[in-house]
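Please look at the sequence and the structure below before reading on.

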Amino acid sequence: MQRRTFLKTAGVATAAGAAFSVLKHPRAAQAAWGDWPADKLEAMFPASRQASSVLELYLYGGMNAFDTFYTVPSWGQNQQRFLNAYYPETVNRFGNCGFAAELTEPFADDENGETVHLGPWVYPLRARPDIIDRMRVVVQRHDLLPHEGANPYALTGSRLGSPRLAGVGAAIQRHFLEQPGGLRATPYAYVLYPGVEFPTDNVRAASAVGFHPGSARPLSVTVDPNSQLAQLLARPAVAGRRDEFDGAVDHYLRAYQQRFRAGGKGTPTRAAARSNFEFAHFARHGADQLQSVLPADLFVPVDGQRCGEGSNVDKPSMQARMAASLLTRESDRARYVQWIDGGLKPNPSGGHDTHDSHVYDASRNVTHTMQALADIINKPGEGDPGKIDLDETMVVINTEFGRTPHRQGDTGLNHWPQGMVNVFIGGPVSAAERGVYGSITADEGYAQTWVSPAENRMLVMMALGIYPFSSQTFAVGDVGGGVKDELEAATRLMQVYMGLKS
C-alpha cells in the first residue's frame, strides 16, 4: 500500500471509532454492568446517601485493632495483653511523640455493650471530631494467617486461587466505564503502590480483574520519585510520529477485524483477547490526557517526620497528595483510589508488619499515615477544592489482619485475622451511623460478631451505587446471617452492617 493511500484510509482514530468491542457493540435492551435490578431497588443505598467516590487506605502488614480503632483500656491490665501488651512503653512513647491528650478516647459501644475507645495511634483522627462523627468501625474476621493468602482475601473478597479474584477497583472501573457516555481513556479506578522496596505478598491482587474484561483493570501507579510512568506516557519510542504510529495500528486492527465478519459484513465476532487489545489501543490514544491527570509534580518527593524519625521520601504523604488530586479534579475525576500504605519507615518484615518492634513502628507509621489522611480531608467550612469532602467521598481503612492480643515470645505481636477491624468514614455514614458493628471477646480477642472480607468489598460497591451480585463478583452465599436471596443479602449489608435505615 502506498503511503498516501494508507493515510487516507487509516486517519487518526477518534474516541468513538476506537471504542473496544464490548462498548462499541452493546447488548440491546440490557442495563449497564453493575446497575441495580428493578426488583431490588429497595435494598439500594438511597441516591442521596451514596458516595460519588471512594478512597481506600490499605495498611499493608496488619494494623493492630487494639491500639487503634478497637481499644478497651481495661482489657489485659497487669497481664500484658491488648492495649497493655507493651506497658509502660506505649504510655511513654505516646508522650515522647508529643501527643498531648489522654491515651485513649471513648468512641461507641459494641454489640456486647462494651465501650470501645479509639487508641493512641489514631490520635490524628481523634483530633478531628468532624471525621470521628462520621466513622463506623466494623469488626472483621477470617482464617488466613500468611500475608500471601490474607492480602488477596482482604483486597478482593475472594480467596487465592479463585478464578473470580478481582480487586474492587475492577468492578468500579467497569461499572462507570460501561455507563452510557462513560467511555473515556483516563481511568475511573487507580491503585497507588508505594515503591520498589515494598514486598508484594500478593498485594498486586488489588489490580486483578478476575472474570472482568481487561478494560476493567484499575491503573496501577508506583508513587515513587523514580517512577517511569511519566516518561512512558510521553511515548518516547514514537517521538513526534504518534499520529502515524496510531494510524498504522488503527488500519491493521481494522483489517484484522474484517477477517472476523461473516461475509465481510456485519458485526465481527467477539473475543476477549481482541477486545482487550482494542481497549488498550484506545487508551494509548489518550496518553496525553492521562499525562495531564498524573503530572510529574505528583511524583516529586516530600520530607516527612514523626516521633523523631523521618524520611526524605515520605511515601504516605506522596500517596495522599496523589489520591486527593485524582479525586478532586474538575475533569477525568477518579471514582476510586486505593492507597496501599507501607508507612513512613516500613518495618523490615514489610510495611505495618510490626512484630517485636510494634510500639515504635506503630507509633511512627500509623500516626503518620493517619495524619496524612486527615490533612487531605476538608475541615468543616474549609472548602479547599484540592481536598476531599466527606459528603462526596467515603474513606475506607482496611488491612489484611490485625495483631495478636499478646506477645508471642521474641516474635512480638504476630498475625491475627481472628479479631480485626476495618473502618468506613463519610459518604453514606453520617452521625446517625457512627458507631461499632460487631464485637470482640475480652478473654481471647476473637471476633464474636463480624463481617467477612467479601462483605466489606460489597459494601464499598454498594456505597457507589453498584450492584454487588454477579458471576464476576459475589453471590448470596458470601453474605452471612442466613439470607435466602439477593434482596435479603443486600438489605442486610445496608441495614445491619452499614446501619443505614433510610
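## About the model

This is a predicted model, in which local features need pLDDT of at least 70 and side-chain atom pairs count only at pLDDT 80 or more, while totals for chains, interfaces and linings use all residues. Residues are numbered from 1 along each chain as its sequence is written, and side-chain values use heavy atoms, with hydrogens and water left out.

## The cavities

A search of the whole structure finds four cavities of 30 Å³ or more; a cavity is a set of points, on a 1 Å grid over the protein atoms alone, where a 1.4 Å probe fits but cannot get out. The largest cavity has a volume of about 80 Å³, a volume being the space filled by probe spheres set on the points, which are joined across faces, edges and corners.

Of the 14 residues lining the largest cavity, T156, A166, Q472, T473 and F474 are the closest to its centre, where lining residues have an atom within 4 Å of a point. Helix 7 (168-177) and helix 14 (453-463) each supply at least two residues of this lining, and the largest share, three residues, comes from helix 7; helices are DSSP runs (H or I, at least four residues), numbered from the N terminus.

## The residue G157

G157 is found in the loop between helix 6 (147-156) and helix 7, and it counts as buried because its relative accessibility is 5%, buried meaning under 20% relative accessible area with a 1.4 Å probe and protein chains only.

Not counting residues up to four places away in sequence, G157 touches P152, P453, A454, R457 and F474, where contact means heavy atoms within 4.5 Å. The C-alpha atoms of G157 and N456 are separated by 7.5 Å, although these residues are 299 residues apart along the chain.

Note on methods
1 Å grid on protein atoms, 1.4 Å probe; cavity = no way out; pocket = protein on both sides within 12 Å on 5 of 7 lines; lining within 4 Å. Buried < 20%, exposed > 50% of the residue type's maximum accessible area, 1.4 Å probe, protein only.
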